[in-house]
Amino acid sequence: MNRDQLGEAIDWLSHAPDAPAAANVLRQYPGLLTPQVDEQLTQVIRALYEQKVPEHVNLFTAVRGVLRRCQTNSHLAALANQPDWPLAAYSPLAHLESLTDDDDLDEQIKWSRLALLDLDARTEPEIFGMAQFRLGYCLAQKLHSGNTTALKPAVEHLAAAVHSLAPLKDEMSVALNGRAHLNLAKLHLTQPASRRGQTIELALDCARQAHDLLGDASPDSINVHMTLGKTYLERIQGERLQNIEQSIHHYEQALELSRRPETTLRPYEIEHNLAVVHRLRLKGRKVDHYEMALAYAEQALTQVNQADLPEDWAKTTAEKAVILAHRQRGNRADNLEEAIQLTKQVLTYYKEETHPYQWSLIRLRLGNLYCDRLKGRQAANYRQAVKEFERVKRTTNPATHPFGWAEAVNNLGTAQAGLSQTAHDSYYRQAMESYRQALAVYGVDKQPERARRTAVNQAQLAFRFRQWTQAYQAFRTALDAGELLYLASGTQAGRQAELAENAGLSAKAAYCLLQHNPPQPDAAFRQLEQSKTRLLVEALALRDVDLAGLPDSSARSITDLRQQIHELEAEMHLPPHSPSRRDDIELGSQLVQKRRDLRDLITQIRQTQPDFLADRSANIDFADLIPVNGAVVAPLTTAQGSVVFVIPHGVNQVTMDHVAALPAQNSAALSQLLSDWIAAYLKWRSVPGKWKTAVTDFTQQLWPILLQPIAEKLTDFACTKAIVIPQGGLQLLPLHAAWHFHEGKRHYFSDHFEVSYAPSLSVLKMAQGQVNGRAGKQALIAGVDEYKSLPNLHNAVYEAERIAETFNSVFLCNQEASRQAIVENAGNKNYLHLACHGSFNWENALESALYLANDEPLTLNDVMTDLDLNALRLVTLSACETGITELSQLPDEFIGLPAGFMQAGAPGIVSSLWPVDDNSTAILMERFYAFILEDQMPPATALKSAQERLRRFDPIYEDPFYWAAFAFYGA
């Protein structure tokens, strides 16, 4: 057909009033059904689209569509199925474009499908992508209305839209592609729980691409940030802490964008979500997070009321109740009562018939509140909780909503546990079975966080009733889940958060092993050891790994990965707004990948060298570690009882002979003593007279509670040296200064035993390996007694000068003792002595610091990232509070300046537990170094001798306040 004939034929066909008339046109112009005409029409459609003539595009696509269907089917059938005539007035694409988002969904779906029959993805990708998007979007709306069969086709059509639009760069296609990705992200979040981890990652990828395509100027930008916030909050993979931080970031971005003048969106939904994520936040202080969450919830509630927006009112009121239930400020009992009343109010809206999911969730929360309730009879509260949880369990389908069902069963177990009186009653058996059922659903690999929570609940119940085998197995499940979460963490803060969740579990598991029949003391001690200094052990192992004997390529790979991890961790420690610092998610992702690469490489090396970087806690050889006449002393305290391991030289297998029981009541007494010690310290540390009295009183109380059984055991083994490995915060106490009266005079523990401290045996072993080859006497000595904002010291420079004379060395005085000077000159020295101000940061241990010239801080962060002390034998921190370690979250991680200097390469550290007296410290330190250099004493022996000499120097210095603050850590 020539051009004129084609035009005439198409004109007749497009104006045919019905199917018979169209059939007549085809009989008159049979050339319309040839491939050549199809190609011509396709070219015309492309040209018309580029010329922006949409009405002609609509017409020609309809004509081509009819002709194509006539080629593949009988003419009469194809024409009869055409929905409307004439094509000039009723083309499917034109009809689709005439519909708005407010029109009936079924109509939009119908015409989208008909339009797609006329379009060619290859030649009209823009229009084809638009129609696919419209169809997928409408199906998604059907899904949100409850039509679950719409999920799969909605995903398929939106994915087809993305595929079609992705190569296009025009503004409209890019925007539509971004919207398609956004809606795909939302759909992936609704996928079944069985594939939750995978589908959330798909949702995250789509939401990120939507953000990249749309940007913050788009009308959809708020929606994109909201979706990213939700996706990160629900994410299973990656580090929990960073996922929550990213969620907060995106919700905050959404809130900021909602304040634009042109935005009509009311921000209460965003504020509601910010309340949720701040309640769940791991980074920082929980007490502050709950207050921030409460503020957001209350702000959201000022914008909604029960009459006008009942759904939003109910959702945020329920969230406020959860926040109050966990709030750490205000009266706890009153907060819980308010939370219960709010939850009951919400249930007047959420009915089982109309909102089954929300009804179940709120019933679960109400049950939790009754479990926690302080007012009323406890048994009655637990019974009410059981009713709530059983109601949810009965109405939840474990096949379609397994995690919701498991949550109800787990919580039911908690209420049943609260009612249990003995290990043999029905409530105990019911609770253990409930926990078992919940764990079977969660699985350690599928839902490690929930699995850990349930396993801990199960373990605590069995532990409470001394069912040691059941308790141990549950603790092991919790620890296995915690290990998976720890390995998934990329940032230091994230790893610390996971270790905090595991705190105390390993110690309780160890105690269970001691109570087995027969007891397993060796396994118990190694279990206890595994709970200590995980971060420090890994850092030292990576730093000091022996590469001798490895192939050159493997050695280079280990070295490169070690350096890359160190650099990434150093960058992570920078303040958040440092110019050169990348964001946490990028750094965390890289750290996870580098650590994974390192683990894979270590696994590969172990195929030929099985002992390479092996688990040191499982392979400790006590004979190599414990000196002659010495013993390792490791307390183990739990609510069910406490013991102390005393393992003398020559022992390779721990037996019950090496375990001394502490009286059961003393476990609680020891915990109370530690609490009282910290309270007194915070109150009286700046009042020398008061603190001096407190130190004397507390060290006397320590003797019968803890040190007397240890002294008796050491005496039985004829030991004169004790390597103390504290547990659960005991490192804050001067155990070496515990005393009692005998024959009218004080006898201190250190009078009879030389005491040194170690964070763990694994760390001690590494430190002992570092001592070899560091026998030089090169010293870097600094003294600062002039400060700008801090009070001046009286004897710091004098102390540094006298020590420098002992070393026959120069020293850095005041302005010379800058942070830069210490960092640049410490690396090739054998001894580092810093006499200056110091302080422990109780809010953030990594900001604990030594204060040098011009009040400049050398923080724990700086020590771990900037110092390289590979030649150092000993660090002495002659300053206040340099031996205090983090206690509230990670008591067994030993996070403080001693561990920081160990990580930097120092095998031995002397530091202080409280603000020290200038005069006594100067005398003590002078004698300490004289004993080391002149009498060739090891540091621990020299410190003991110097403390004894100080006590004889002047009767006033007999009091432990003057000498017991200093302790030796390491080897």
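Which element gives the most residues to the lining of the largest cavity? That element is α41, with 4 residues. The structure is a predicted model, in which local features need pLDDT of at least 70 and side-chain atom pairs count only at pLDDT 80 or more, while totals for chains, interfaces and linings use all residues. Residues are numbered from 1 along each chain as its sequence is written, and side-chain values use heavy atoms, with hydrogens and water left out.

**The largest cavity**

A search of the whole structure finds 2 cavities of 30 Å³ or more, a cavity being a set of points on a 1 Å grid over the protein atoms alone where a 1.4 Å probe fits but cannot get out. The largest has a volume of about 70 Å³, volume being the space filled by probe spheres set on the points, which are joined across faces, edges and corners. Its lining, meaning residues with an atom within 4 Å of a point, consists of His736, Ser750, Val755, Tyr757, Ala940, Leu943, Lys944, Gln947, Phe966, Ala967 and Phe968. The elements that give two or more residues to this lining are β7 (754–757), α41 (939–953) and β16 (966–970); helices here are DSSP runs of H or I with at least four residues, and strands are runs of E with at least two, numbered from the N terminus.

**Two helix pairs**

The table sets out two packed pairs, with axes fitted to C-alpha atoms over the stretch in contact and angles running from 0 to 180 degrees between N-to-C directions.

| Helix pair | Axes | Angle |
|---|---|---|
| α19 (356–372) and α20 (378–395) | within 8 Å | roughly 160° |
| α40 (918–933) and α41 | 8 Å apart | about 135° |

Helices α19 and α20 are therefore roughly antiparallel to each other, a term for angles over 145 degrees, and their crossing is left-handed. Contact, meaning heavy atoms within 4.5 Å, involves residues including Trp359, Arg363 and Tyr370 in α19 and Tyr382, Glu388 and Phe389 in α20. By class, this contact has 9 nonpolar, 6 polar and 3 charged residues.

The angle between α40 and α41 makes α40 oblique to α41, and α40 passes α41 in a right-handed crossing. On the α40 side the contact includes Ile923, Phe928 and Phe931, and on the α41 side it includes Leu943, Gln947 and Phe953. The residues of this contact divide into 11 nonpolar, 3 polar and 2 charged. Leu943 and Gln947 meet α40 and also line the largest cavity.

How values were computed
Angles under 35 degrees count as roughly parallel, over 145 as roughly antiparallel, 65 to 115 as roughly perpendicular and the rest as oblique. A crossing is left-handed if the near helix is turned anticlockwise from the far one by less than a right angle, and right-handed if clockwise. Ala, Val, Leu, Ile, Met, Phe, Trp, Tyr, Cys and Pro count as nonpolar, Asp, Glu, Lys and Arg as charged, and the others, Gly among them, as polar. On a 1 Å grid over the protein atoms alone, a cavity is a set of points where a 1.4 Å probe fits but cannot get out, and a pocket is an open set with protein on both sides within 12 Å along at least five of seven lines; lining residues have an atom within 4 Å of a point.
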